[in-house]
Amino acid sequence: MRSKRRIVFLDRDGVINKNPVYRGYIKNRSEFKFMPGSRMAIRMLNEAEFRVIIISNQTGVGKGLYSKEDLKNITEKMLKGLQRSKAKLDKICYCIHHPDAGCLCRKPKTGMFKKAVGKVKFDHKNSFFVGDTERDTLAGHSFGVKAIAVLSGYNKRKDIKKWEVQPDFIAKDLLAAVKRIILQVKV
Ligand SMILES: [Mg+2]
Ligand SMILES: [Zn+2]
């Protein structure tokens with residue numbers, strides 16, 4: 001039996017669901033649309049006994065563009081959709097603060113990761129953060145897990161090549177990332 005748990009942290013927008021317009025926000029439940037294959041990918045992670053935790057900046061709340069209640073409704077829609085696909089999340093963490101608030105949770109800071117994990121020991125080497133931005137890659141590396149960049153969000157391969165921090169690997173989307181994760185950790 002494995003002694004330490006493995007965790008896959010997921011960014012939400014651009015990974016699980018389609019991104020809003022550039023620099024925009026998912027402001028209500030009707031704007032939340034699953035990415036093809038993302039629910040199946042999460043189910044595969046469940047079956048492979050990874051913990052699955054969402055780590056998402058939702059700054060639009062702090063900016064007053066949508067409310068906590070809207071965010072709750074969006075989350076409910078996501079959870080219902082996942083449930084229908086027999087996929088489950090172990091935790092969802094949002095940073096809802098304004099960028100100027102100086103909080104410790106807004107990615108690329110690692111406050112949300114630390115809070116999500118608590119004092120539980122986990123297998124850093126076989127844990128991952130899947131995101132679509134340079135900020136996500138930076139956050140993953142700052143927290144000491146492998147960073148995977150997906151091409152289903154704002155960045156294409158040529159954009160990623162210009163990042164100062166490089167992901168451990170690039171995948172087409174969450175499903176492709178998860179297939180590779182599962183192959184990689186299977187010993
Ligand atoms: Mg994103
Ligand atoms: Zn925050």
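Q: Is Arg23 buried or exposed?
A: In this predicted model, Arg23 has 6 C-beta neighbours inside 10 Å. A residue is termed buried if 20 or more other C-beta atoms lie within 10 Å of its own, exposed if 12 or fewer, and partly exposed in between, with C-beta atoms placed from the backbone. Arg23 therefore counts as exposed.

Q: Where does Arg23 lie?
A: Residues are numbered from 1 along each chain as its sequence is written, while chains are lettered from A and ligands numbered from 1 in the order in which they are written. As the model is predicted, local features need pLDDT of at least 70 and side-chain atom pairs count only at pLDDT 80 or more, whereas totals for chains, interfaces and linings use all residues. Helices (H or I, at least four residues) and strands (E, at least two) are DSSP runs, numbered from the N terminus. Arg23 is located in the loop between β1 (6–10) and α1 (38–47).

Q: What is the phi of Glu49?
A: Glu49 lies in the loop between α1 and β2 (50–57). Glu49 is exposed, because 9 other C-beta atoms are within 10 Å. Although Glu49 is a residue other than glycine, its phi is positive, near 65 degrees.

Q: Which residue is joined to Lys107 by a cis peptide bond?
A: The bond has an omega of about 15 degrees.

Q: What distance does helix α3 reach from its first C-alpha to its last?
A: Helix α3 spans residues 68–84 and has 17 residues. The expected span of a helix is 1.5 Å times one less than its number of residues. For α3 the expected value is 24 Å, and the helix comes close to it, reaching 24 Å.

Q: What arc do the buried residues of α3 cover?
A: In α3, Leu71, Ile74, Met78 and Leu82 are buried. They lie on the same side of α3 because their arc, taken from the directions from the helix axis to the C-beta atoms, is only 75 degrees.

Q: Which elements do the buried residues of α3 pack against?
A: The other side of α3 holds exposed residues, including Glu69, Lys72 and Glu76. Contact is counted where the C-beta atoms of two residues, placed from the backbone, lie within 7 Å. The buried residues of α3 pack against α1, α2 (59–62) and β3.
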